[in-house]
Amino acid sequence: MLLASLREQVCAAAVRSYRSGLVRGTSGNWSARDPLTGLVAVTPSGLAYEKMTPEDIVVVNLDGEVVEGGRRPSSELPMHLVIYRRRPDVGGIAHTHSPYATALAVLERELPPVLIEMALVGTRVPVAPFAMPGTPEVGEAAVAALAEAQACLLARHGVVAVGRTVEEATLTAARVEEMAQIYHLAAQLGSPEPIPAEVMETLVRKYRGQ
Ligand SMILES: [Zn+2]
């Protein structure tokens with residue numbers, strides 16, 4: 001099997017996210033890029049996560065042509081490919097419709113830095129403007145928003161997170177959902193104020209080990 005280890009990583013990230021409630025049904029998609037060949041391993045379209053195995057993960061090139069795999073790649077593959085083309089540093093992508101973060105995306109509201117964990121993602125989680133699902137325009141909108149954070153919200157749609165690996169991207173997607181949930185709870189109790197910008201910048205440097 002071509003890129004067996006990468007396909008295992010993509011499958012494990014998707015199944016783990018499903019089991020932890022980050023996605024429901026067949027929503028969401030995951031991918032990873034092989035640094036040697038530049039090929040991308042991506043989750044298939046419309047397959048139940050309970051049944052997903054590494055063999056179901058599709059290997060494509062950066063033009064979206066299937067190199068190996070018997071299934072149709074995710075319908076959001078164009079978004080993944082645009083991000084990989086424009087961001088050589090990205091090795092993995094996680095896309096979810098996790099409910100608390102997506103509720104903010106519905107309102108086209110960013111997730112502000114109300115928690116210290118935000119510094120692991122950026123200084124805020126911005127919202128990328130709406131683009132038609134399944135088109136490269138989703139990727140273009142995401143790339144612009146991802147210039148300032150490791151994750152962004154897709155207006156009226158969901159969350160996209162990037163990382164050096166698919167595990168890192170998945171961890172960030174989970175962190176964004178957790179922060180959105182806590183922000184929602186805090187907003188029931190009062191008016192959560194953002195952490196001041198200079199404190200956020202210090203936290204970001206601290207978490208990056210600088
Ligand atoms: Zn989606």
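Student: In this predicted model, what is the bridge partner of Ser31 in strand 2?

Tutor: The partner of Ser31 is Val42. That bridge belongs to the contact between strand 1, residues 29-33, and strand 2, residues 40-42, which run antiparallel and are joined by three bridges.

Student: Why are strand 4 and strand 6 called edge strands?

Tutor: The eight strands form an open sheet with mixed pairing, in the order 4-3-2-1-5-8-7-6. Strand 4 (66-68) and strand 6 (127-128) each pair on one side only, and they are the edge strands.

Student: Why is strand 8 described as largely enclosed by the rest of the structure?

Tutor: Six of the six residues of strand 8 are buried, so the strand is largely enclosed. Gly158, Val160 and Val162 point one way from strand 8, Val159, Ala161 and Gly163 point the other way, and all are buried.

Student: Is His157 buried or exposed, and how do you know?

Tutor: His157 has a relative accessible area of 12%, and buried means under 20%, so His157 is buried. His97, at 32% relative accessibility, falls between the 20% and 50% limits and therefore counts as partly exposed.

Student: What makes His95, His97 and His157 the donor residues of the zinc ion?

Tutor: A donor atom must lie within 2.8 Å of this metal, and the NE2 atoms of His95, His97 and His157 coordinate the zinc ion at 2.0 to 2.1 Å, so they qualify as donors. In sequence the donor residues are spaced H-x1-H-x59-H. Because His97 lies in the loop between strand 5 (92-96) and helix 3 (99-107), while His157 lies in the loop between strand 7 (151-154) and strand 8 (158-163), the pair ties together parts that are 60 residues apart in sequence.

Student: How do you know that the buried residues of helix 6 lie on the same side of it?

Tutor: In helix 6, residues 197-207, Met200, Leu203 and Val204 are buried. These three cover an arc of only 100 degrees around the axis, which puts them on the same side of helix 6. On the other side, Glu198 and Lys206 are exposed. Helix 6 is followed by Gly209, whose phi is positive, near 75 degrees.

Student: How many helices and strands does the protein chain have, and why is it called as compact as a globular protein of its length?

Tutor: There are six helices and eight strands in the protein chain. Its radius of gyration is 17 Å, close to the 17 Å that the globule rule gives for 210 residues, so the chain is as compact as a globular protein of that length. Buried residues make up 49% of the 210 residues.

How values were computed: Residues are numbered from 1 along each chain as its sequence is written. This is a predicted model: local features need pLDDT of at least 70, side-chain atom pairs count only at pLDDT 80 or more; totals for chains, interfaces and linings use all residues. Side-chain values use heavy atoms; hydrogens and water are left out. Buried means under 20% relative accessible area, exposed over 50%, partly exposed in between (1.4 Å probe, protein chains only). Helices (H or I, at least four residues) and strands (E, at least two) are DSSP runs, numbered from the N terminus. The arc is that of the directions from the helix axis to the C-beta atoms. Donors are N, O and S atoms within 2.8 Å of the metal (3.2 Å for Na, K and Ca); water is not among the atoms, so sites may look incomplete. The radius of gyration is taken over C-alpha atoms; the globule rule is 2.2 Å times the number of residues to the power 0.38. Two strands pair if DSSP finds at least two bridges between them.
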